[in-house]
Amino acid sequence: MSAPSDPAAAAAHAPAPASASAASSSSGLTFKLHPLVIVNVSDHYTRVKAQAACSGDSSSSSGAAAGQPPRVFGCVIGVQRGRTVEIFNSFELVLDPVSGTLDRAFLEKKQELYKKVFPDFYVLGWYSTGSDVQDTDMLIHKALMDVNESPVYLLLNPAINLSQKDLPVTIYESELHVIDGSPQLIFVRSNYTIETVEAERISVDHVAHLKPSDGGSAATQLAAHLTGIHSAIKMLNSRVRVIHQYLVAMQKGETPVDNSLLRQVSSLVRRLPAMESQKFQDDFLMEYNDTLLMTYLAMFTNCSSTMNELVEKINASYERPAARRGGRGAFM
């Protein structure tokens, strides 16, 4: 993700795109970016773009000029351990559409809420969308320096480029350079790696498989995906059963012993996860009980809704005769 240095471009104004995208960082920091951040930024951009298309104003709430794609802004949060910066999550920011300044009250409220849920996370910087750094980005960057003295800037390019193999994400740091005898703050590119945990990997893979490619709904895609997983598990179960039956027959003497085959079976068994531990049983029962509770809650809600509709119908049917007779009230 790094680019070669360009001294001529670095001599331009500090917030100019040329100076920001030409230099490469020399801070030595290692950035680890989690896929959840990319998903959040993409979702934020898609929602704003859809709302702008519905309202017929492509520049609403985005700070983009008329006719230009909307831009979204937010903060990235995570932890820094030594020289390693790990970006875990993000949240949206609110900008004044007239002055382009941050809503400080909204930012502080968001920080307070995230501190309650993630006490170890703090604001590492901010994110935006676009093909390159804009002139006003340095103003927002400087506004966040009272939260983090050296914030990072994550830029996501939402434009579709089928020939591009790398992620359209760039992480910038800010460095103080002496240009024409005066110190100026400019953006410099930094390298990063994608860091995933198991839950994020499953979620991202799930979203990728649920992309409706034939016009079908997400529910249809989910059913097909779950059916494929069920078929794979069923096939694995049948193959393991065949191996088990063969080993039992070998133990009884019905089949001659094959040491080479036994070594292969032993190697295969060691690859299979152990499912008989007490921790697995506790976790499984907890997940199973939670699922049952959600199912029962849905059933109770549906039953309550049905009973409410029935009571309303009975009250409506008894209301008119009671009004004519004048001496009888509603059923309930």
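A strand here is a DSSP run of type E with at least two residues, and strands are numbered from the N terminus. With that in hand, let's work through some exercises on this predicted model.

**Exercise 1. Find out which strand holds V123, and decide whether V123 is buried or exposed.**

Step 1: Look for the element. V123 sits in strand β4.

Step 2: Recall the cut-off. A residue is called buried when its relative accessible area is under 20%.

Step 3: Apply the cut-off. V123 has a relative accessibility of 7%, so V123 is buried.

Step 4: Look around V123. Leaving out residues up to four places away in sequence, V123 touches C75, V76, I77, F91, Q111, V147 and N148.

Step 5: Compare sequence with space. P151 is 28 residues away from V123 along the chain, and their C-alpha atoms are 8.1 Å apart.

**Exercise 2. Work out which residues touch the most other members of the largest nonpolar core, and which elements build that core.**

Step 1: Start with the members. This core has 21 residues, and C75, F91 and Y153 are the ones that touch the most other members.

Step 2: Trace the elements. Two or more residues each come from β2 (73-81), β3 (84-92), β4 (122-129), α5 (137-143), β5 (152-156) and β7 (182-190).

Step 3: Find the main contributor. β2 gives the largest share, four residues.

Step 4: Zoom in on Y153. Among the residues that Y153 touches, beyond those up to four places away in sequence, are R71, W126, H141, Y172 and F187.

Step 5: Look further. Another core, of 19 residues, lies apart from this one, and its members include F31, V37, L154 and Y192.

**Exercise 3. Describe how β3 pairs with β1 and with β2.**

Step 1: Take β1 (residues 30-33). β1 and β3 run parallel and are joined by four bridges. One of the partner pairs is L33 with I87 in β3.

Step 2: Take β2. Here the pairing with β3 is antiparallel, over eight bridges. V79 stands opposite E86 of β3.

Step 3: Inspect the turn. β2 and β3 make a hairpin with two residues between them, and G82 in the turn has a positive phi of about 70 degrees.

Step 4: Ask how covered β3 is. Seven of its nine residues are buried, so β3 counts as mostly covered.

**Exercise 4. Name the residues that form a network of salt bridges, and follow its links.**

Step 1: Name the members. The network consists of D43, R47 and E92.

Step 2: Follow the link from D43 to R47. Their closest N and O atoms are 3.0 Å apart. Both residues lie in helix α3 (residues 35-55), four residues apart, which is about one turn of the helix.

Step 3: Follow the link from R47 to E92. This salt bridge has an N to O distance of 2.2 Å. It links distant parts of the chain, with R47 in helix α3 and E92 in strand β3, 45 residues apart.

**Exercise 5. Decide whether E86 and R81, partners in a salt bridge, are each buried or exposed.**

Step 1: Look at the pair. The closest N and O atoms of E86 and R81 are 3.1 Å apart.

Step 2: Judge each residue. E86 has a relative accessible area of 11%, so E86 is buried. R81 has 53%, so R81 is exposed.

Note on methods
Residues are numbered from 1 along each chain as its sequence is written. This is a predicted model: local features need pLDDT of at least 70, side-chain atom pairs count only at pLDDT 80 or more; totals for chains, interfaces and linings use all residues. Side-chain values use heavy atoms; hydrogens and water are left out. A nonpolar core is a set of buried Ala, Val, Leu, Ile, Met, Phe, Trp, Tyr and Cys residues joined through side-chain atoms within 4.5 Å. Buried means under 20% relative accessible area, exposed over 50%, partly exposed in between (1.4 Å probe, protein chains only). Contact means heavy atoms within 4.5 Å. Two strands pair if DSSP finds at least two bridges between them. A salt bridge is a side-chain nitrogen of Lys or Arg within 4 Å of a carboxyl oxygen of Asp or Glu.
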